[in-house]
Amino acid sequence: MGALLLAALGLLLAAADADFTVNVLGESDGLVTGQLSDSVILSLPPCSLAGNTVNMVYQQGGTQNKVNLTGIFKVPVCRFKRDLITVIANSGQFTVTRNIGYQVKNLSPATNYTFQYFVGSEKSNAVQAATRTVSNYQDIDDGLPARSGAMVVITVLLSVAMFILIVGLIVTLVLAHCRN
């Protein structure tokens, strides 16, 4: 119980130290998921920081190695709804571009990470996210061990229909030949 209380207090203090809040994007942001096997998609810093260069520090869980990414992007202006990755829709007459976040790439699968933005003298809360576990594609069973009942029924119906058509064609040819 004491460890749980200590962890909650640590998270509260870490959030109180942040100048702005970021999170991992998900369904509510218009994405299926923000956590992929080798990348994580984070929300953008707030509009008040528009035009400033963003730096990021992330750390793999269980290690002390921190990765510093400097000048990864500039905070876009907030004329439109903001999201994460740039989505471009082109209909021939006009192009619509939306910024929906930042994708941190080249991460290891099934690993926990902690991410934090730094914009000028301001910093975000530390966001914890885990990449997804990857299954070996060779373990997927793609074979069909037996025929299903529907396949047998369809095959029988098509075979009977073809037999009736051939018999009808032969009868038609015989009758046409007999009349001459």
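Start with the two helices. Select H1, residues 2-16: among the elements of the chain, helix H1 has the lowest mean pLDDT, 45. Helix H2 has the highest, 93. pLDDT is the predictor's confidence in each residue, from 0 to 100. Helices (H or I, at least four residues) and strands (E, at least two) are DSSP runs, numbered from the N terminus.

Contact means heavy atoms within 4.5 Å.

This is a predicted model, where local features need pLDDT of at least 70, side-chain atom pairs count only at pLDDT 80 or more, and totals for chains, interfaces and linings use all residues. Residues are numbered from 1 along each chain as its sequence is written, and side-chain values use heavy atoms, with hydrogens and water left out.

Zoom out to the chain. The mean pLDDT is 80, and 79% of the residues reach 70 or more. Count 2 helices and 9 strands. From the N terminus, the order is α-β-β-β-β-β-β-β-β-β-α.

**Stop: Ser-39**

Select Ser-39, in the loop between H1 and strand S1 (40-42). Is Ser-39 buried or exposed? Ser-39 counts as buried because its relative accessibility is 1%. (Buried means under 20% relative accessible area, exposed over 50%, partly exposed in between, with a 1.4 Å probe and protein chains only.) Show side chains next. Those of Ser-39 and Gln-103 are joined by a polar contact of 2.8 Å. (That is a pair of N or O atoms within 3.5 Å; within protein, one must be able to donate a hydrogen and the other to accept it, and residues adjacent in sequence count only if both atoms are side-chain atoms.) Leaving aside neighbours within four places in sequence, Ser-39 also touches other residues, including Gly-34, Val-104 and Thr-131.

**Stop: Ser-124**

Move to Ser-124, in the loop between strand S8 (122-123) and strand S9 (127-130). Ser-124 is buried, with a relative accessible area of 1%. Which backbone nitrogen does its side chain reach? The answer is that of Tyr-117, at 2.8 Å. Not counting residues up to four places away in sequence, Ser-124 touches Ala-18, Phe-20, Val-22, Gln-116 and Tyr-117.

**Last stop: Phe-163**

Finish on Phe-163, in helix H2 (residues 149-179). Phe-163 counts as exposed because its relative accessibility is 56%.
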